[in-house]
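Welcome! Take a moment to look over the chain below, and then we can walk through some of its parts together.

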Amino acid sequence: MLLTLTGILNASDLAEIHDLIATLGWRDGAETAGGMARAVKRNQQADLTSRTGKQLREDLKEKIERHPVLRAATQPRRFSKQMISKTEAGGGYGFHVDNAFMGAGDTRIRTDMSYTLFLSEPDTYEGGELQVELAGMTQSVKLPAGDMVLYPSTSLHRVAPVTAGARLVCIGWIESSVRDEAIREVLFDLENLRSGMAKKMDLQSPELLVLSKTISNLLRQFGQS
């Protein structure tokens, strides 16, 4: 499932984030790539070890992790640390699959879902589309600043070459409490159904109560605490 989420960041959020990013240092993005991906990664990663970098990461963490649609779609158990990536003219990231595990020690997670939160407006750079191979076709995504795309970490994907301007994004990974992608999609459909029904029906209606019970029991059967 590939899903786009609008309005993760508003205009004020974006202005504050860009002010913080302007103070950061950068390093070769290939340093953070694993295996074969290192050979096709041509971008820069922000150094987030400074006080400003840590503040930026905390600000993004709050906005991303509390989003209700993201939570319904991914059933998150743990999140990776956010990364800021910049791809300028001549850069890109060839087809690759994300590492199955990210981090170390207590921060180590299994990567079930990947996300890209766009921080640059699409008319400020040329190229740079995120291209994800799903179900025999390639889906191309280039969203307004503040919007996000979620996609399975199991998929081959790439960032098309940037031919002008600079593409700035926040990226990260999610370990789901529901490992099975098909079950996550069923739960997402049921959560959407419950949300719609709750706007029209009494919360104590038999239909809503049974639906809530079904969602809880599916999580009990397929979820991981």
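Let's begin with a pair of strands: β3 and β7 (residues 92-96) pair in the antiparallel sense over two bridges. Strands here are DSSP runs of E with at least two residues, helices are runs of H or I with at least four residues, and both are numbered from the N terminus. Two strands count as paired if DSSP finds at least two bridges between them. In this pair, Arg-42 stands opposite Gly-92 of β7, and Lys-41 stands opposite Tyr-93 of β7.

Before going further, a word on the source: this is a predicted model, in which local features need pLDDT of at least 70 and side-chain atom pairs count only at pLDDT 80 or more, while totals for chains, interfaces and linings use all residues. Residues are numbered from 1 along each chain as its sequence is written, and side-chain values use heavy atoms, with hydrogens and water left out.

Tyr-93 has Val-159 as its bridge partner in β15. Four of the five residues of β7 are buried, so this strand is largely enclosed by the rest of the structure. Buried means under 20% relative accessible area, exposed means over 50%, and partly exposed lies in between (1.4 Å probe, protein chains only).

## A buried strand

Another strand to find is β10 (residues 113-118): six of its six residues are buried, so it is largely enclosed by the rest of the structure. In a regular strand the side chains alternate between the two faces of the sheet. Met-113, Tyr-115 and Leu-117 point one way from β10, while Ser-114, Thr-116 and Phe-118 point the other way.

Which strands does β10 join? Five bridges link β10 to β14, running antiparallel, and six bridges link β10 to β16 (residues 162-176), also antiparallel. Tyr-115 takes part in both pairings: the bridge partner of Tyr-115 in β14 is Leu-150, and Tyr-115 stands opposite Gly-172 in β16.

## Residues in the loops

Gly-146 sits in the loop between β13 and β14 (148-152). Is Gly-146 buried or exposed? Gly-146 is buried, with a relative accessible area of 0%. Leaving aside neighbours within four places in sequence, Gly-146 is in contact (heavy atoms within 4.5 Å) with Gly-7, Ile-8, Leu-9, Leu-14, Leu-117 and Phe-118. Gly-146 and Glu-126 are 20 residues apart in sequence and 18 Å apart in space, C-alpha to C-alpha.

Most residues other than glycine have a negative phi. Gln-75, in the loop between α3 (68-74) and β5 (76-79), has a positive phi near 45°. Ala-135, in the loop between β12 (130-134) and β13, also has a positive phi, of about 50°. Gln-75 is buried, with a relative accessible area of 11%, whereas Ala-135 is exposed at 83%.

## The whole chain

The chain holds five helices and 16 strands. Its C-alpha atoms fill a box of roughly 60 × 35 × 35 Å, taken along the principal axes. For 225 residues, a compact globule would have a radius of gyration near 17 Å, and the 18 Å of the chain agrees with that. This radius is taken over C-alpha atoms, and the globule rule is 2.2 Å times the number of residues to the power 0.38.

Buried residues make up 46% of the 225 residues. Among contacts between residues at least 6 apart in sequence, 77% join residues at least 24 apart. The chain exposes about 11400 Å², with carbon and sulfur atoms supplying 52% of it; accessible areas come from the Shrake-Rupley method with a 1.4 Å probe, and for residues only the protein chains shown count as cover.
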